[in-house]
Amino acid sequence: MIKFYYHPSPNPAKVALFLEETGIEYEMVPVDTRKGEQHEPEFLKINPNAKTPAIVDTDTGATVFDSTAILLYLADKSGQFQLPSDPAAKGQALSWLMFIATGIGPYSGQAVHFKHFAPGNNDYAINRYDFEAKRHWGLIEAHLAEHQYMAGNEYGLVDIALWGWCGPVPFVMADDNAWSQFPNIKRLFDEINERPAAKRAAELKTRHQFKSDMDDAARQAMFPHTKTA
Ligand SMILES: N[C@@H](CCC(=O)N[C@@H](CS)C(=O)NCC(=O)O)C(=O)O
């Protein structure tokens, strides 16, 4: 059984979709990051990086943190959504998987931070992260203009990883019409949203009352460099 340390945000969403797609038995453990629960000593033993998602595999005793590591671990454990064995296809799948982990996630996250949450004048940071977020999403868009799925001819692990970050695209771009720039990503996002597993993954957030206010306490929990006392 998998204990799934979850908050309703993009990186945990990837893992929620994987778990729902595969039917692996799991228990959702809420980690309310706006209440600072990611800094609790018990959670830090599982993820020293103080972020969601993380898992504990009670069958093996393994703990895994970081969404992409978790996806690869669970693909291996379940034998489902594994990377292709053909070296050329595997190379492409790994490349796009890591591009999402190291590019799409961090640049989108920083764009959100500076556009929506950081205090003061942040024109330079907004310009940089907006540019980089759009550049990264633009590469995915160009890839999906030529390919139905992110890697190979069928829905797979890389599509699951991408789905987690698709929901916030308009918020990342601070543009309600953002999808008009990315029609091929929207096509894949819509297709995945129709999957029963995606509907269940999206509903996971309703199983716990997570704090929604981004008040001073939440800012200090999530942006510890702003801590005043
Ligand atoms: N590289 C990590 C990033 C994890 C991450 O940034 N998680 C966010 C939610 S999407 C979080 O828990 N934020 C709370 C905080 O920063 O305090 C992953 O892919 O899992």
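The chain has a radius of gyration of 18 Å, which agrees with the value near 17 Å that a compact globule of 229 residues would have; the radius is taken over C-alpha atoms, and the globule rule is 2.2 Å times the number of residues to the power 0.38. This is a predicted model, in which local features need pLDDT of at least 70 and side-chain atom pairs count only at pLDDT 80 or more, while totals for chains, interfaces and linings use all residues. Residues are numbered from 1 along each chain as its sequence is written.

**Overall build**
- Along its principal axes, the C-alpha trace spans about 55 × 45 × 30 Å.
- The chain holds 10 helices and four strands, which are DSSP runs numbered from the N terminus (helices H or I, at least four residues; strands E, at least two).
- From the N terminus on, the order of elements is β-α-β-α-β-β-α-α-α-α-α-α-α-α.

**Ligand surroundings**
- Of the 15 residues around the ligand, Ser9, Asn11, Thr33, Lys51 and Ser67 come nearest; a residue is near if its C-beta atom, placed from the backbone, lies within 6 Å.
- Helices α1, α3 (67–78) and α4 (87–117) each supply at least two residues of this shell.
- The shell has four nonpolar, nine polar and two charged residues (Ala, Val, Leu, Ile, Met, Phe, Trp, Tyr, Cys and Pro count as nonpolar; Asp, Glu, Lys and Arg as charged; the others, Gly among them, as polar).

**Packing of α1 and α6**
- The axes of α1 (residues 10–22) and α6 (residues 157–166) come within 7 Å and cross at roughly 135 degrees; axes are lines fitted to C-alpha atoms, for helices over the stretch in contact, and angles run from 0 to 180 degrees between N-to-C directions.
- Helix α1 is therefore oblique to α6 (under 35 degrees is roughly parallel, over 145 roughly antiparallel, 65 to 115 roughly perpendicular, the rest oblique).
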